[in-house]
Amino acid sequence: MSADVINKAFLATEEDFLALVRKQWLNDPHMASVGSCCLVGIVCSGMLYIANAGDSRVVLGRLDKTYKEVKAVPLSSEHNASVESVREELRSLHPTDPQIVVLKHTVWRVKGIIQISRSIGDAYLKSAEFNRDPLLPKFRVPEPFDKPILSAEPETLVQKLDPEDQFLIFASDGLWEHLSSQEAVDIVNTCPRNGIARKLVKAALRVASKKREMRYSDLKKIDRGVRRHFHDDITVIVLFLDFHLISQSYWQGPLVSIRGGVGVSGHGIC
């Protein structure tokens, strides 16, 4: 296990998906506009590996023994054009393109289209071969380009886990639009473990409904397609850490793998 192995896995996934888009191009050109953020966490031999492409976020809940509080420690950075450093990165990668980031209706977007700068998929912004008919005009970039506009390469972090590390919260940006990292950590730290991911989703939806000056019960009645106008999709996984188990160099128990997707919430114990 290494950061390089995870990086290669991201790029292999990207290559396989673009190959699928290429294969289905004439029958289903819409696939060229399909993409996803990707956030991965791996615990192996007492080490934590994080890899992120997009604007999801992972937060560590760490016990501060001095103040006897569990503090939020962000372990990833969002690849979103609203972040100044991301805009600077895009401009340095595309120095001859003055339209690489555009402020559109008070929101910074890559090429005036999308907010994220890294993703799996979004083939129409990765290769010029998909930037044409029969793809819908709204997804096409007016200027030709000779290198990918978005990247699938993740930003990685590797660190040793400590006894003070209590849990990890993996979530899509839909959660973080309504809850701060510390607010999410406080909820996980003070509530029963069972159903904790669902509780985080509910807390975010309550904030979203309050922002819209409506009741939570009324928000839940809105159809999923229309709900997108009220809040983004939310995926949450909470992983509780047992330092005694994860610090062992050899683990005899079963391997645990948890996958989250749109509309899915889950929690696990490692």
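Author: A salt bridge is a side-chain nitrogen of Lys or Arg within 4 Å of a carboxyl oxygen of Asp or Glu. The model discussed here is predicted, and a search of the whole structure finds 11 salt bridges in it.

Reader: Which residues are linked with K111 in a network of salt bridges?

Author: The side chains of K111 and D97 meet at 2.7 Å, N to O, and this pair links distant parts of the chain, with K111 in the loop between strand 7 (107-110) and strand 8 (120-121) and D97 in the loop between helix 2 and strand 6 (101-104). The network of salt bridges that holds K111 also takes in D97 and E143.

Reader: Is K111 buried or exposed?

Author: Buried means under 20% relative accessible area. D97, the partner of K111 in a salt bridge, is partly exposed at 22%. K111 has a relative accessible area of 12%, and therefore counts as buried.

Reader: How many residues apart are K8 and D4, whose side chains meet in a salt bridge?

Author: The bridge between K8 and D4 spans 3.3 Å, N to O; K8 is exposed, with a relative accessible area of 53%, whereas D4 is partly exposed at 44%. An α-helix has 3.6 residues a turn, so residues three or four places apart point the same way. Both K8 and D4 lie in helix 1, and their separation, about one turn of the helix, is four residues.

Reader: Which strands stand at the edges of the open sheet of three strands?

Author: The order of the strands in this sheet is 2-3-9, with antiparallel pairing. Each edge strand has a single partner strand, so one side of each is left without a neighbour in the sheet; these are strand 2 (38-44) and strand 9 (155-160).

Reader: What angle does the direction of helix 1 make with that of strand 3?

Author: Helix 1 (residues 3-23) packs on the sheet, where it touches strand 2, strand 3 and strand 9. Its direction and that of strand 3 make an angle of about 30°.

Reader: How far does helix 5 reach from its first C-alpha to its last?

Author: Helix 5 (residues 196-211) has 16 residues, and its buried residues include I196, L200 and A204. At 1.5 Å a residue the expected reach is 22 Å, and the value computed for helix 5 is close to that, at 23 Å.

Definitions and conventions. Residues numbered from 1 in each chain as written. Predicted model: local features only at pLDDT ≥ 70, side-chain atom pairs only at ≥ 80, totals over all residues. Heavy atoms only, no water. Pairing = 2+ DSSP bridges. Helix = DSSP H or I, 4+ residues; strand = E, 2+ residues; numbered from the N terminus. Contact = heavy atoms within 4.5 Å. Axes fitted to C-alpha atoms, helices over the stretch in contact; angles between N-to-C directions. Expected span 1.5 Å × (residues − 1). Buried < 20%, exposed > 50% of the residue type's maximum accessible area, 1.4 Å probe, protein only.
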